[in-house]
Every structure is written in C-alpha cells, then in structure tokens.
Amino acid sequence: MGEGGDDVMRGGAGEDTLEGGAGTNTYEGGAGADYFYGWEGIDTVVFAGAEGRVLVDLSRDVGSADYARFFVEGAPEGDVFSEIEHATGGRFSDNLRGEGGGNVLEGGAGWDRLYGRAGDDTLSGGGGSDAIYGNLGADTMSGGDQAQRDRYIYFSAAESGVGAGARDVITDFQPGFDRIEISRLDADTVTGGKQAFDFVGTAAFSGTAGELRYGQEAEVTLVQADLDGDGAADFEIELSGLRTLSEDNFLI
C-alpha cells in the first residue's frame with residue numbers, strides 16, 4: 001500500500017494486491033493473479049520481466065476471452081487493473097489495450113499489438129514488427145526505427161481528425177518498411193457501397209471523392225483523404241519529418 005508520493009511496488013510470486021494511493025506509481029506484479037489499484041495520479045503496470053506473452057486490457061476483464069489462451073501473463077493469470085493508465089510489455093509478442101482516457105502503451109521487444117481505444121494516447125511498439133491501432137482520439141504513435149515493418153491500422157475515418165491537435169501523429173514512419181492500412185474505410189461516402197482510395201501523390205484534390213494525397217509543410221508530412229468530393233480533407237494523419245510516399249506505403 002502506497003501513500004503520498006511516487007511509489008514503486010513489486011509483488012513477487014503469489015496473488016498480490018498493490019494499491020498506490022496518490023502519486024505517480026509503478027507496479028510490477030510478478031507471477032500470480034494480482035490486483036493493481038492506481039487510485040489518483042498516473043499509474044503504470046510493468047511486465048518487463050514477463051516469461052511469456054502478455055495480455056493487458058485496462059478497461060475490462062478479458063481473462064476468460066477465447067484469445068487469452070495465446071498469452072501467458074497479465075489477464076490470463078487473473079490480473080485485474082483499476083485506475084491504471086499506462087502499461088509496458090516485455091520481450092515477447094504482447095497485446096496491450098487502453099481504455100477511455102489518455103493511455104501510454106509500450107510494447108517493448110516482440111511483435112506487439114497496441115490498441116489505444118478512446119482518448120489521446122501515446123503508443124510505442126518498440127522492437128519488432130508491430131500492429132498499432134490508435135482508435136479514437138488524437139494519438140501519437142511510434143513503431144520503432146528499426147528496419148522492420150510496422151502497421152498503423154484504421155477502422156474508421158473518425159479515428160483521425162483534421163488539423164493539429166485533432167489528427168494522429170506517427171513519429172517515425174519509414175517508407176519502404178512501414179504501412180498505413182486504411183482499406184477498412186469507405187473512401188467515397190457519397191456513393192453507395194464501399195470504395196477503395198485513389199492515391200494521387202502530391203497532386204491537389206480535384207473534387208472527386210475517394211482521393212488520397214500527401215503534402216509536406218513545416219517539417220512534417222500530411223496524409224489527407226477527401227471522402228465526399230468537396231476538395232477538402234476529411235481525414236488526416238501527420239508524419240514527423242519530410243517523407244516521400246508512394247501507394248505501396250498504404251493498404252487502400
């Protein structure tokens with residue numbers, strides 16, 4: 001049990017209860033079904049020493065979910081998370097899921113899957129080829145700068161807005177390795193059915209729904225999509241730095 005201040009708590013073996021109290025606290029439960037209660041402040045659960053794949057969901061208990069059988073620590077062991085905002089995985093291929101607030105999820109080594117859910121999240125895949133789902137909110141995402149393919153995956157145009165502070169930011173996108181997957185989006189919202197995007201490079205929008213373009217300004221690269229044909233962006237992603245993109249950098 002912590003009190004005021006910033007505490008570090010390690011449970012060790014067994015079924016432990018770790019309550020941080022006020023402050024910015026860090027928890028490492030170890031083996032067993034542990035209960036992490038963050039109370040006030042910004043709290044982090046760490047699985048750096050995990051001996052297998054980690055499954056963490058900060059919004060619900062997924063220990064009995066069918067896919068939990070593919071993991072070793074975290075939810076499959078019976079861990080419960082309450083008022084925890086941040087999670088860090090280990091050296092295996094982990095699955096970390098946030099909740100409605102602003103979370104920080106760090107995959108570490110391995111081929112990780114990170115789901116930000118709602119809120120303005122910070123998602124870092126680390127080593128390995130990672131799959132990063134920012135979901136709703138203006139998220140800051142990084143796959144790691146190693147020469148391995150990271151994927152940034154979108155289910156809806158609502159997952160990244162237009163303009164600074166509303167759009168997602170990918171800090172280390174590597175053309176030729178990484179890919180932005182937007183094939184689940186309907187590129188043309190004024191036509192029935194579901195259409196794919198038409199990549200037009202750096203050309204301006206022509207007033208045709210479904211166009212996908214990019215441009216460079218102020219040391220960033222903007223990926224933009226016109227979904228309704230009005231010549232203005234309805235969906236936007238910011239890439240840090242000046243990047244030269246091709247259709248191969250997307251799944252459209």
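Tutor: We will go through the sheets, the core, the salt bridges and a few single residues. Keep in mind that this is a predicted model.

Student: How does strand 22 pair with strand 21?
Tutor: Those two are antiparallel, with six bridges. In that pairing, alanine 225 stands opposite phenylalanine 235 of strand 22.

Student: Then what about strand 17 and strand 22?
Tutor: Strand 17 (residues 168-170) pairs with strand 22 in the parallel sense, over three bridges. Aspartate 168 has isoleucine 237 in strand 22 as its bridge partner.

Student: Is strand 22 mostly covered or mostly open?
Tutor: Mostly covered: five of its six residues are buried.

Student: What's the order in the sheet of eight strands?
Tutor: That open sheet runs 7-6-10-12-14-16-18-23, with parallel pairing. Strand 7 and strand 23 (250-251) are at its edges, each with a single partner strand, so one side of each has no neighbour in the sheet.

Student: How many bridges join strand 6 to strand 7?
Tutor: Two, and the strands run parallel. Valine 54 has glutamate 73 in strand 7 as its bridge partner.

Student: New topic: the largest nonpolar core. Which residues touch the most other members?
Tutor: Tyr154, Ile180, Ile182, Phe197 and Leu212 do, in a core of 40 residues. Strand 6 (54-57), strand 20 (211-217), strand 21 (220-226) and strand 22 (235-240) each supply at least two residues of this core. Strand 22 gives the most, with three residues.

Student: What is isoleucine 180 in contact with?
Tutor: Leaving out neighbours within four places in sequence, its contacts include Tyr152, Tyr154, Val223, Ile237 and Asn249. There is also a second, separate core of five residues, and Leu55, Val62, Ala68 and Ala75 are among them.

Student: Why does asparagine 249 count as buried?
Tutor: Because its relative accessibility is 4%, and buried means under 20%. A polar atom of its side chain lies 2.8 Å from the backbone nitrogen of serine 246.

Student: Salt bridges next. How many are there?
Tutor: The count comes to eight. One of them is between the side chains of aspartate 57 and arginine 117, at 2.8 Å, N to O. Aspartate 57 is in strand 6 and arginine 117 is in the loop between strand 12 (113-115) and strand 13 (122-124), 60 residues apart.

Student: Is arginine 117 buried or exposed?
Tutor: Arginine 117 is buried, with a relative accessible area of 18%. Aspartate 57 also counts as buried, at 3% relative accessibility.

Student: Which residue does arginine 167 meet in a salt bridge?
Tutor: Glutamate 238, at 2.9 Å, N to O. That pair is 71 residues apart, with arginine 167 in the loop between strand 16 (151-153) and strand 17, and glutamate 238 in strand 22. Arginine 167 is buried, and so is glutamate 238.

Student: Which residues do salt bridges join into one network?
Tutor: Arg151, Arg179 and Glu181, through bridges that share partners. Between glutamate 181 and arginine 179, the closest N and O atoms are 3.6 Å apart.

Student: Last one: glycine 231. Where is it found?
Tutor: Glycine 231 is in the loop between strand 21 and strand 22. Its relative accessible area is 36%, so it is partly exposed.

Methods:
Residues are numbered from 1 along each chain as its sequence is written. This is a predicted model: local features need pLDDT of at least 70, side-chain atom pairs count only at pLDDT 80 or more; totals for chains, interfaces and linings use all residues. Side-chain values use heavy atoms; hydrogens and water are left out. A nonpolar core is a set of buried Ala, Val, Leu, Ile, Met, Phe, Trp, Tyr and Cys residues joined through side-chain atoms within 4.5 Å. Buried means under 20% relative accessible area, exposed over 50%, partly exposed in between (1.4 Å probe, protein chains only). Helices (H or I, at least four residues) and strands (E, at least two) are DSSP runs, numbered from the N terminus. Contact means heavy atoms within 4.5 Å. Two strands pair if DSSP finds at least two bridges between them. A polar contact is a pair of N or O atoms within 3.5 Å; within protein, one must be able to donate a hydrogen and the other to accept it, and residues adjacent in sequence count only if both atoms are side-chain atoms. A salt bridge is a side-chain nitrogen of Lys or Arg within 4 Å of a carboxyl oxygen of Asp or Glu.
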